[in-house]
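Student: Please take me closely through one part of this structure, the ligand site. Then place it in the wider fold.

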Amino acid sequence: MNERAKWFIGDRFGMFIHWGLYSGAEGIWKGEKVRYNNDYAEWIQYRNQIEKSEYLELSKRFDWENIDPEKWVLLAKKAGMKYITITAKHHDGFALWNSESNDYNIYNYSNPKRDIIKELSLACKKHGMKLGFYYSHWTDWEHPFSWDNSKEIYWLDKENYNIYWQEKVIPQMKELLSNYGEISLIWFDMWLHHQETIVSKEQLFQLKNLIREMQPNCLINSRLGLSIDEDKDVDFRTLGDNQLGKYKYEYPWQTPATVAHSWGYNKNENEWKSTTSILRSLIGNVSLNGNLMLNIGPTSNGSVPYEIEKRFDEIGNWLSYYGKSVYNAGAFDLRNDLHDWGLTTYKKSKNGKKYVFLNIFDNQPGDIIKFTGITESPIKIKLLSKNSKIDLKFNFNTAVTSIKIPKKLPNPYVNVVEMEFNEKPKVDLNLVAKTKNGGYALNYSNAMTKKGKSIINTSKRFGSIPFNIEVKDSLILKWKVFVEKPSCYSIDTSYNFQKKITNGYLSLEVNNEEFKHKLEYSGKTVGEPNQDWMIDRFDSFRLGQIKFDSPGFYFIELKIKTNPQNPIQWQWLWLDEVVDKI
Ligand code: FHN
């Protein structure tokens with residue numbers, strides 16, 4: 001990680017602002033909605049084929065007297081956001097500042113004349129908010145030699161494209177980097193690698209070097225068009241729009257996200273994400289070392305839809321009590337999907353203490369929450385709440401900490417339990433945690449070792465064909481669990497096998513006992529009522545029952561043996577506690 005990106009991974013939560021001439025169209029042009037299913041209203045000029053002169057007429061719909069960028073800053077503050085990125089120039093090529101190098105800017109089309117970037121930068125300074133600029137470098141629908149909605153047809157040569165680059169991109173970037181104080185980040189938006197576009201590596205380096213020269217602390221995102229592998233100097237990776245993290249990256253990264261679908265204000269928007277789901281997305285990213293930058297699309301009078309304000313208010317309120325598990329926090333060493341009650345974040349605090357946060361998504365987790373994988377006892381465990389921290393009773397047993405929680409949890413969205421340690425706690429990375437339903441769900445992803453060849457089949461046909469592992473010869477998977485007390489478990493497995501005669505088998509070894517199962521034909525099923533698509537059935541088969549006489553660590557090893565003529569698609573093993581057997 002580049003040193004200058006340190007603040008970024010501490011802040012974790014930022015505001016994105018998409019605002020420009022398109023905000024005046026509100027996603028509708030001459031009575032027709034924006035022509036594209038993603039409903040990105042900021043694309044209306046391109047999608048609905050609007051001439052520049054007509055597009056400029058939109059400026060007359062703005063309530064220039066009342067637009068106040070300081071309100072956006074105050075909203076960001078209230079929501080607990082630590083930085084703002086505004087579309088200084090989006091793909092339409094229209095600059096939101098008084099650009100000396102290009103007339104197509106807000107100063108010339110507002111009344112009274114406005115320089116929104118200047119006003120926003122002053123408001124950010126006043127309220128201690130970091131400021132970043134979105135700048136569309138690759139596409140610009142205004143400049144005759146940039147990439148717009150005709151160049152794939154009529155083409156554009158590199159020389160002409162360079163005219164656009166040198167007379168618009170570079171001078172405008174110089175203005176943004178000189179006239180608005182300290183800029184925390186420049187957010188480029190080329191979602192393709194430069195080799196797939198007209199932009200050259202040299203042009204990108206010219207741009208990047210300019211930023212490094214003029215504002216050495218300013219961060220640059222990966223949508224500049226250079227991959228991080230190609231150039232480690234790019235400060236953070238930008239995932240796809242609304243694409244949440246799946247993997248733990250050590251490199252800083254961020255998801256740009258919307259509260260509904262469109263980035264620019266779209267009047268027809270009606271599917272708003274809930275506060276709970278936004279908080280889960282934020283925590284999910286933090287639990288994998290990532291950031292979330294959540295968008296507002298203000299209207300042509302500068303206001304923000306009520307649906308956004310309301311959620312931002314609720315999120316900010318939540319962060320004011322539980323922000324400890326988000327700000328300056330990051331991924332813990334264990335797998336982020338280990339527990340089914342929620343996600344874990346980790347923080348080394350300034351006082352030297354180490355905290356593991358249990359972000360509980362489940363709103364009915366029962367009386368006891370179990371944390372598997374930490375192999376030493378916490379010093380204290382507390383439930384964070386609005387007014388105070390509540391000490392929780394807990395019991396630590398080798399690799400499982402059982403925490404007694406109140407029947408009624410204080411927060412309607414996400415509750416947070418804080419475990420305190422003097423040092424970063426030791427963990428066992430191989431363990432599979434018990435589910436809330438009292439069993440161990442063992443699958444390909446959580447196996448500690450895998451031997452043999454297999455093909456990963458992701459789920460298909462809307463998930464009615466589940467994720468599975470195809471084996472044509474043999475595969476050995478091994479898991480490790482911690483059993484807390486003497487207990488008995490039934491064992492089931494699920495697979496699809498389409499042969500009736502076979503020598504193929506599964507054999508399972510647990511606690512020195514072996515269970516052998518001859519593969520059985522699992523049959524067919526119909527994917528959807530009243531439709532005719534037939535799919536292979538994934539059926540579950542009982543393998544037997546296993547008794548653990550004493551608490552401890554146990555290994556479970558599954559061997560799948562078949563041959564290329566008789567492939568099996570294996571799905572899972574399920575060990576379910578049989579309560580009345582002990
Ligand atoms: O085309 C843009 C879109 O309008 C919006 O600005 C988003 C934000 O991430 N970026 C592009 C698409 O990925």
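**The ligand site and the cores**

Tutor: An oxygen atom of the ligand sits 2.5 Å from an N or O atom in the Glu42 side chain. This is a predicted model, where local features need pLDDT of at least 70, side-chain atom pairs count only at pLDDT 80 or more, and totals for chains, interfaces and linings use all residues. Residues are numbered from 1 along each chain as its sequence is written, and side-chain values use heavy atoms, leaving out hydrogens and water.

His91 also places a side-chain N or O atom 2.8 Å from a ligand oxygen. For Arg223, a polar side-chain atom is 3.2 Å from an oxygen atom of the ligand. A polar contact here is a pair of N or O atoms within 3.5 Å. The protein buries 95% of the 320 Å² that the ligand exposes when taken alone (Shrake-Rupley method, 1.4 Å probe). Around the ligand are 15 residues, of which His18, Glu42, His91, Asp189 and Asp241 come nearest (a heavy atom within 4 Å).

Now the wider fold. An automatic or database assignment gives domain 1 (3-311), domain 2 (342-421) and domain 3 (439-581). The largest nonpolar core has 97 residues, and Trp19, Ile84, Ile86, Phe133 and Phe312 have the most contacts inside it. Such a core joins buried Ala, Val, Leu, Ile, Met, Phe, Trp, Tyr and Cys residues through side-chain atoms within 4.5 Å; buried means under 20% relative accessible area (1.4 Å probe, protein chains only). Domain 1 and domain 2 both give residues to this core, so it lies between them. Apart from it is another core, of 33 residues, including Val471, Val483, Ile546 and Leu575.

Conventions
Buried < 20%, exposed > 50% of the residue type's maximum accessible area, 1.4 Å probe, protein only. Polar contact = N/O pair within 3.5 Å; in protein donor to acceptor, adjacent residues only side chain to side chain.
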